[in-house]
Amino acid sequence: MKKALRGGFRLFQDMDKGLLIVTIILFLFGLLNIVTASSSEATANNTSLYYFFYQQLKMIGIGVILGIIILNIDTKKYPPFAIIGFIAITAILLYLSMYGSDYRGSRNWVAFGPIRFQPSEFAKPIVIVCLSLMFEKYASRLRNRKMPHTEMIVKIIVVGLSIPIIIFLQKDFGTMFILLCTFLVMFIASPILRIDKVRAFGVMALVAGLGMIGMYMGKGYILSEEQLDRFDFFNPCTKYETGGYQICNGYIAINDGGLFGVGPGKSKQKYSYIPEPHTDSVFAIIAEEYGFLKSTLIFILYIYILKRIINLACVANTLRGRFMCLGIATYIFMHILVNLGGLFGVMPLTGVPLPFLSYGGSFAISLIISLSIVQRVHIETRRQKIKLR
């Protein structure tokens with residue numbers, strides 16, 4: 001018992017305290033905000049006011065347990081877990097593509113009674129870890145101009161793009177886009193030679209073009225009508241009756257909040273104006289209740305988290321650690337960009353959750369797992385520096 005306590009205390013000592021504290025603050029604020037943002041939804045469903053709060057708290061609890069396990073596993077032991085995870089998540093997503101049923105416009109949900117979760121959310125940290133391990137494994141050979149690189153690059157592209165392609169076929173454009181951008185950032189930063197990257201992008205563009213042509217010839221369309229409608233996001237208030245109502249009501253909520261907000265729990269737009277205000281439109285409710293000045297603190301905390309993770313990537317003592325941190329920073333940034341870009345009407349509204357603040361158990365678990373990986377990289381880097389002194 002004492003040994004376990006000493007080990008736990010040492011883990012805590014070696015963690016990035018700033019990142020940990022800000023993470024806890026944002027999760028706590030997100031939980032408290034879910035209570036107010038989901039009040040109208042809870043009333044409509046005849047459930048307790050704290051129903052969504054407790055559901056999210058359970059998922060965060062599961063995420064914390066998994067996070068503690070991850071903190072105790074050295075990243076050099078990740079390969080078997082990554083391979084099993086990648087195969088399992090790919091198989092589940094393929095099964096859902098063929099036999100799953102549509103829910104909220106996409107076919108990537110698994111249901112056990114009233115409980116639903118998205119396997120695609122867990123794919124994000126799995127793909128990031130797999131790519132990071134491959135970059136480290138092939139680094140020296142990829143830099144060697146005398147060796148053939150085609151086979152290694154093909155393997156990397158297959159791992160990076162197979163899951164986004166499956167998710168695209170499941171009609172979840174937002175998750176696909178986030179995974180695709182994460183892969184592209186990691187691929188660009190990878191040890192692959194520049195000339196090989198250019199060739200790879202050319203081949204990927206050609207294959208993507210041929211795939212789209214084949215999809216159009218087979219189905220008669222590439223994007224569904226619902227997906228195409230989301231690209232018509234300019235001037236949403238002029239299309240209030242034909243799909244612009246969610247973004248327009250988000251504008252109204254932000255405008256009503258002004259500088260100082262209407263007060264916690266006093267939002268008007270959460271009452272049937274914004275659909276499911278505790279999920280992808282949660283920031284509109286926060287801006288309405290707390291105002292522009294207080295809401296800006298969220299952006300400051302986001303910038304701090306991203307900066308800390310990028311800094312950890314720069315000082316990590318292993319190549320796999322660097323790419324894990326880079327991939328996770330990109331993943332979190334893309335969620336912020338896509339969610340708020342859709343809410344502010346500068347991007348299509350795709351329904352992806354806002355980190356720490358949106359209701360969504362699968363995403364909360366995935367986010368905690370990702371941040372635990374970052375903390376594990378920091379622990380190993382710190383311990384390595386102590387050994388070198």
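Which residues is Phe168 in contact with, leaving aside its neighbours within four places in sequence? The first legend answers this.

The model is predicted: local features need pLDDT of at least 70, side-chain atom pairs count only at pLDDT 80 or more, and totals for chains, interfaces and linings use all residues. Residues are numbered from 1 along each chain as its sequence is written, and side-chain values use heavy atoms, with hydrogens and water left out.

View 1. Helices are DSSP runs (H or I, at least four residues), numbered from the N terminus. Leaving aside neighbours within four places in sequence, Phe168 is in contact with Phe173, Met176, Met215, Ile222 and Leu223; contact means heavy atoms within 4.5 Å. Phe168 and Leu223 are 55 residues apart along the chain, and their C-alpha atoms are separated by 9.4 Å. Phe168 counts as buried because its relative accessibility is 19%. Buried means under 20% relative accessible area, exposed over 50%, and partly exposed in between (1.4 Å probe, protein chains only).

**View 2. Helix 2 and helix 4.** Two packed helices are described by the angle between their axes and the distance between the axes. The axes of helix 2 (residues 17–37) and helix 4 come within 8 Å and cross at roughly 155 degrees. Axes are lines fitted to C-alpha atoms, for helices over the stretch in contact, and angles run from 0 to 180 degrees between N-to-C directions. Helix 2 and helix 4 are therefore roughly antiparallel to each other. Phe27, Leu31, Ile34 and Val35 of helix 2 make the contact with Phe52, Phe53, Gln56, Leu57 and Ile60 of helix 4. The label roughly antiparallel is given to angles over 145 degrees.

**View 3. Ser370 in helix 14.** The relative accessible area of Ser370 is 0%, so this residue is buried. Apart from neighbours within four places in sequence, Ser370 is in contact with Pro125, Ile328 and Tyr331.

**View 4. Lys171, in the loop between helix 7 (150–169) and helix 8 (173–189).** Lys171 is not a glycine, yet has a positive phi of about 70 degrees. With 33% relative accessibility, Lys171 is partly exposed.

**View 5. Phe356, in the loop between helix 13 (319–343) and helix 14 (361–388).** Phe356 has a positive phi, near 75 degrees, in a residue other than glycine. Phe356 is buried, because its relative accessible area is 3%.

Definitions and conventions:
Helix = DSSP H or I, 4+ residues; strand = E, 2+ residues; numbered from the N terminus. Parallel < 35°, antiparallel > 145°, perpendicular 65-115°, else oblique.
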